[in-house]
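I opened my notebook to look up a few things in one protein model. I wanted overall size, ring pairs, charges over rings and a surface patch.

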Amino acid sequence: MIELPVIGVDFYRHALPIISLLVGSLLLLLFAVNSILADRRVIFVATLTFLCSALLSSVWLMGSQYQAFGGALTIDAIAVFGHLYVLVVAIGVCLLFWESYLAERFWRGDIACIFLLTVAGMLVLVSSTDILTIFVGLETFSLGIYALIGYVKKTQPAQEAAIKYFILGSFAAALLLFGFALLYAGSGSLVITQIATTDNELFARIGAVFIGVGLAFKLALVPCHLWTPDAYQGAPTPMTALMAITVKAAIILLALRFITAGMAVTWLLPILTLFACASMLVGNLMALSQRNVKRMLAYSSIAHGGYLAMALVAVGNHIELANAVLYYLLAYGLLALGAFAIITWLESEEREHITMDNLRALGMRHPYVSLALAVFMLAFAGIPPTVGFFAKLSIFQAAMISELYLLLIVGVVGSAISFYYYLRVILLMYFDNSAASEAQAASGLHGTSKPLLALITIALMGALVLGIVMHRQHLPSLTHLQHVRK
């Protein structure tokens, strides 16, 4: 007779962030059928309350080490980092939707329910070392994102974005599932740490190939990136921020679990190396010709995915370099959230797509927002003393320590290419003084609300201060890690 595991207070304490979101999603679904509770202000406050409760529960788990159901629920440093990261970004996305012209469409009980389930799926994925539970979490948040893209913004580009993302995302999920099945067939276990010790080299090699390609689709690495520009452009801007930041973080943390466990590293790292080189070059080159700002940021996101893939390869050689990945994720999330907040502010129902022309002379009319966007662009490009510079420096240090000289050269070249399209945004805002451009920049803009202004300010201060503060405290220096070389 199979003995069922005991579920006690300790389990509920460690699962509390996920439970908070699941309970919140059920309550919001009930709110949708009540005429009083269906008010968008009530839905907004309730959603923020459940997200904040999950965030506080995650803070409570800092420093914990816990496993249940054979690894299906695993609370460790990676899980807690993923919880805090995803929940903070989700709260920021809520503020973006509150200030967006799509607020009436998003703040409904059923839509907010899907949103909380999407976030809960991400927490499940980063909190598990069991490949079956990982796949459940992956599909939960993926299906939620497909739905939110199509439901919130009922335009033809949004519907096309949702369908394209759904079809290619489902294909990527099938590849991952087949890779997981091969690993299970070769090892007889669903737990990553036990799979890593398998002696079945054939299944491990083939499974690693499928998992690598599946992760490349989810991370939008070249050549698995074709869905990204259309999905980013067609989706509501707050959803674009959610896709660009949290999905990337969840998949990177999943890859980090595989690599740090030693699972098929010998065969997974060469695949990631190819994807990283292609992404850093193609992403930056394609961004040069983009006129739509969100499409430009989409190709930029592809390039940043390449930098993160380079860091993962370095971690595969030296586990001690894992902090570089987390630091880069933190920097990218901060900058992307600030940039998409400004795009949300620029958008209106009459002007759904922000182009480069809409940025002309913006610095004359709205100096503070323009300054923030300029800092974000400089940080994306890796200009000191912004957090982007220190994040890229940590990635390049990791590549140098691991002797990944090809990736290092490609990364430097890609960064040099990116200077052009990031600096072009700054030139358009501050050095185009024509009367027509000034009128175009001013048309349709509204005042910056306090929540949105606070979000932009936090991102701006983080971009300027976080790099210097965290680089010295949390990142291993080049000299300190020389001993890990072979």
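My entries follow, from the whole chain down to single residues.

**Ground rules.** I am working with a predicted model, where local features need pLDDT of at least 70, side-chain atom pairs count only at pLDDT 80 or more, and totals for chains, interfaces and linings use all residues. Residues are numbered from 1 along each chain as its sequence is written, and side-chain values use heavy atoms, with hydrogens and water left out.

**Overall.** I found 21 helices and two strands. Helices (H or I, at least four residues) and strands (E, at least two) are DSSP runs, numbered from the N terminus. The C-alpha trace spans about 75 × 60 × 40 Å along its principal axes. Next I looked up the radius of gyration, taken over C-alpha atoms; the globule rule is 2.2 Å times the number of residues to the power 0.38. For 486 residues a compact globule would come near 23 Å, and the protein has 22 Å, so the two agree. I also noted that 60% of the 486 residues count as buried. Buried means under 20% relative accessible area, exposed means over 50%, and partly exposed lies in between (1.4 Å probe, protein chains only).

**Ring pairs.** How many aromatic pairs are there by the rule? Rings of Phe, Tyr and Trp (its six-membered ring) pair if their centres lie within 6.5 Å; planes under 30 degrees apart are stacked, over 60 edge-to-face, and the rest tilted. The count is 19. One of them joins F11 and Y12, edge-to-face, at 5.5 Å centre to centre with 75° between the planes. F11 is buried at 15%, while Y12 is partly exposed at 46%. I then checked F389 and F390: their centres are 5.2 Å apart and their planes are at 75°, so this pair is edge-to-face. F389 is partly exposed at 27%, and F390 is buried at 14%. Ring pairs also link F44, F97, W98, F106, W107 and F115 into a cluster.

**Charges over rings.** A charge sits over a ring if NZ of Lys or CZ of Arg is within 6 Å of the ring centre and within 35 degrees of the ring normal. Which residue lies over the face of W98? I found R40 there, 4.9 Å from the ring centre. The charged end of R13 sits over the ring of W60, 5.1 Å from its centre.
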